[in-house]
Amino acid sequence: MSRVYNFSAGPAVLPEEVLKEAAEEMLDYQGCGMSVMEMSHRSKVYDKIIKDAEQDLRDLMNIPDNYKVLFLQGGASQQFAMIPMNLMKNKKAGYIVTGQWAKKAFQEAKIYGEAVKLASSEDQTFSYIPDCSDLDIPEDLDYVYICENNTIYGTKYKELPNTKGHVLVADVSSCFLSEPVDVSKYGVIYGGVQKNVGPAGVVIVIIREDLITEDTLPGTPTMLKYKTHADNDSLYNTPPCYGIYMCGKVFKWLKKMGGLAAMKEHNEEKAKILYDFLDQSKMFKGTVVEKDRSLMNVPFVTGNEELDAKFVKEATAAGFVNLKGHRTVGGMRASIYNAMPKEGVLKLVEFMKKFEEENA
């Protein structure tokens with residue numbers, strides 16, 4: 001069975017050489033006589049795996065020394081609660097709502113304090129990013145929250161909001177490691193890894209040290225305090241060992257590929273192939289305002305639900321899988337993360353052209 005082109009939004013495509021390497025090490029990791037799945041997280045062997053993974057991530061992102069890297073569980077969705085529990089000192093935070101995940105984070109924050117909606121693009125089905133250069137930001141906000149790349153709707157902030165001196169918290173799940181980033185502009189930058197970095201089950205949180213305190217909201221569970229995990233180097237309890245090992249392999253692959261600047265170039269090139277086709281196609285249309293388009297997630301429609309369904313079915317049969325759009329928006333979506341080869345995008349466009357000719 002040959003591998004398909006997997007356009008899934010997550011869990012998503014992983015680099016083939018990483019999978020092969022992991023397969024070779026499945027029964028015996030580097031001569032230790034057992035699989036990483038079986039070894040103690042307290043062992044010397046595993047300690048090196050998690051420390052190397054952290055160091056490689058620090059190298060890739062140029063993470064400043066005053067930031068902690070935490071490998072946690074519970075996905076990005078658990079961070080929706082963890083962030084207010086740990087950061088809402090004044091019980092007030094601002095949210096910019098640009099998609100379903102930002103909206104869920106906003107709803108969750110309301111449980112813990114006053115969540116203020118600073119801006120939203122819901123009026124046009126989240127098809128654009130609002131202008132965030134001069135928002136009305138109350139002085140007493142603990143932080144400003146964004147979801148930087150919106151997986152479902154295919155939008156991406158090209159400029160970070162002007163938070164007027166407030167801490168910026170960003171969910172970068174679907175654009176993680178796709179381009180260089182200035183970590184110092186954020187108080188917290190986090191992402192579930194199952195889109196661009198590794199298998200589902202790990203969320204990476206990069207947090208400025210001054211934001212890690214004992215002073216959490218009353219009733220915050222021990223496991224949901226950043227301090228618990230920061231003080232124990234992400235080993236307070238058994239972490240998702242195998243997932244972290246796989247992330248570590250992807251970090252090494254990214255370094256080998258030339259780092260994040262090279263990745264950005266590679267991703268821009270791939271996205272351009274698909275967007276250029278959508279812009280001239282008579283049948284397929286992209287759904288996002290041009291200036292806010294994501295390099296990672298490309299939603300598109302034909303405008304006819306039956307035709308959409310036919311396209312998805314025929315594409316799947318031809319080896320282009322997981323192109324169906326999210327259930328909340330319909331249509332199609334091609335997620336073209338780091339590990340999607342350029343060839344996959346070229347072949348998809350070729351298939352789309354053929355489909356358009358046959359169904360004109």
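Which helices each supply at least two residues of the lining of the second largest pocket? Three do: α1 (16-24), α2 (44-61) and α6 (241-256). Keep in mind that this is a predicted model.

## The two pockets

Let's stay with that second largest pocket for a moment. About 340 Å³ of space lies in it. Its lining counts 17 residues, and Tyr29, Gln30, Gly248, Lys249 and Lys252 are the ones nearest the centre. Sorted by class, the lining of the second largest pocket has eight charged, seven nonpolar and two polar residues.

The largest pocket has a volume of about 510 Å³. Here 31 residues make up the lining, and nearest the centre you'll find Lys156, Tyr157, Lys158, Glu179 and Lys264. Helix α7 (residues 259-280) gives the largest share of this lining, with seven residues. By class, the lining of the largest pocket splits into 15 nonpolar, 14 charged and two polar residues.

## Aromatic pairs

Phe320 and Phe351 make another tilted pair, because their planes are at 40°, with the ring centres 5.4 Å apart. Phe320 belongs to strand β13 (residues 320-321) and Phe351 to helix α9 (residues 342-358), so this pair ties together parts that are 31 residues apart in sequence. Both of these phenylalanines, Phe320 and Phe351, are buried. They also belong to one aromatic cluster, formed by Tyr5, Phe7, Phe277, Phe284, Phe300, Phe311, Phe320, Phe351 and Phe355.

Next, a couple of asparagines. Asn6 has its place in strand β1 (residues 5-6). Why does Asn6 count as buried? Its relative accessibility is 18%, and the cut-off for buried is under 20%. Leaving out residues up to four places away in sequence, Asn6 touches Ala12, Val13, Val321, Asn322, Ser335 and Met340. With Asn322 there is also a polar contact, side chain to side chain, at 2.8 Å.

Asn322 itself is found in the loop between β13 and β14 (332-335). While Asn6 is buried, Asn322 is partly exposed, with a relative accessible area of 43%. The backbone at Asn322 deserves a look too: phi is positive, about 65°, although the residue is not a glycine.

Look for Lys164 in the loop between β7 (155-156) and β8 (167-171), where the residue counts as partly exposed at 36% relative accessibility.

Which peptide bond is cis, with omega near -5°? That's the bond from Gly10 to Pro11. Pro11 lies in the loop between β1 and α1.

## Two buried loop residues

Is Leu141 buried or exposed? It is buried, since its relative accessible area is 5%. Leu141 lies in the loop between β4 (114-120) and β5 (143-147). Not counting residues up to four places away in sequence, Leu141 touches Lys92, Ala93, Gly94, Val116, Leu118 and His166. Along the chain, Leu141 and Met88 are 53 residues apart, and their C-alpha atoms are separated by 8.3 Å.

The side chain of Thr220 reaches the backbone oxygen of Leu217 at 2.6 Å. If you set aside neighbours within four places in sequence, Thr220 is in contact with Met85 and Lys225.

Definitions and conventions. Residues are numbered from 1 along each chain as its sequence is written. This is a predicted model: local features need pLDDT of at least 70, side-chain atom pairs count only at pLDDT 80 or more; totals for chains, interfaces and linings use all residues. Side-chain values use heavy atoms; hydrogens and water are left out. A polar contact is a pair of N or O atoms within 3.5 Å; within protein, one must be able to donate a hydrogen and the other to accept it, and residues adjacent in sequence count only if both atoms are side-chain atoms. Contact means heavy atoms within 4.5 Å. On a 1 Å grid over the protein atoms alone, a cavity is a set of points where a 1.4 Å probe fits but cannot get out, and a pocket is an open set with protein on both sides within 12 Å along at least five of seven lines; lining residues have an atom within 4 Å of a point. Grid points are joined across faces, edges and corners, and a volume is the space filled by probe spheres set on the points. Helices (H or I, at least four residues) and strands (E, at least two) are DSSP runs, numbered from the N terminus. Ala, Val, Leu, Ile, Met, Phe, Trp, Tyr, Cys and Pro count as nonpolar, Asp, Glu, Lys and Arg as charged, and the others, Gly among them, as polar. Rings of Phe, Tyr and Trp (its six-membered ring) pair if their centres lie within 6.5 Å; planes under 30 degrees apart count as stacked, over 60 as edge-to-face and the rest as tilted. Buried means under 20% relative accessible area, exposed over 50%, partly exposed in between (1.4 Å probe, protein chains only).
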